[in-house]
Amino acid sequence: NKKLKVIEHMHLYRNSEDVWDVYINSLEYDVSWYRRVGPALKAKLENVQELVIKGGSETLTITGGLESPKLNIGDYTGMENIGGTFPIGEVFTEALDLNNMNGSFMIYAFADKNFDLKTHVPFRVEVQNGLVVGWGDNAPDTFREIVEMVKEIERPIFREVGFGLNRAITRERYLQDITAFERILGMHFSLGEKHGTYKKEGIVVHKSKFHIDVFPIVDTVTADGEIIFQDGKYLV
């Protein structure tokens, strides 16, 4: 028997009035878009061995394969639970081995200690074996504080690799509600050990604490050499 998970929240109140129209537009269900691009992207990621994410002069590489991607596109066929939070539009996964993420990328937005989304002048973050190991001199103090806060309890490791599909949300008119903004057409990563969808050796789900969304500048994404995202468009 399928379990019904009630649609939990519509977080309009978390966004300033000047972007309420963006949030409302993000609730539109574009059936042909989500049900075509979502499964096609999942198929491209399903058995990939190397994912290369380039933004500006920075390159981040994930090797050794990805977890089987999950869909959030309003189609619950074959799923145990039905429902979720608005708005929809995402395909997400993570590295099979979290140590196999290396390189660097530019962050333009992240969630602060109050879970509010803040945009910034892009700053460089260095990643080695999945961990934050450095950042550019222009990184805001709030980011440095978040990394130190995570390190006090667990590893500052990147887990979720998310691909947003919601075309109503843009960088220019962003949403302060982090759950909504992560659906933006582009990518996001999670910082911290908390990500209950996939089980990883050495991480106890109920003891992990941090899942902080960060948003990278992405120009191209290639899966085993094939371009699947370029200049703001999915090529699947």
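What pLDDT does the chain average, and what percentage of the residues score at least 70?

1. The chain averages a pLDDT (the predictor's confidence in each residue, from 0 to 100) of 88, and 92% of the residues score at least 70. This is a predicted model, in which local features need pLDDT of at least 70, side-chain atom pairs count only at pLDDT 80 or more, and totals for chains, interfaces and linings use all residues. Residues are numbered from 1 along each chain as its sequence is written, and side-chain values use heavy atoms, without hydrogens and water.

2. Over residues 1–8 the pLDDT stays under 50; the model has 18 contacts (heavy atoms within 4.5 Å) for this stretch beyond four places in sequence. Where pLDDT is low, the predicted coordinates should not be read in detail.

3. Four helices and 15 strands make up the secondary structure of the chain; these are DSSP runs, with helices H or I of at least four residues and strands E of at least two, numbered from the N terminus.

4. Of the 236 residues, 47% count as buried, meaning under 20% relative accessible area, with exposed over 50% and partly exposed in between (1.4 Å probe, protein chains only). Among contacts between residues at least 6 apart in sequence, 69% join residues at least 24 apart.
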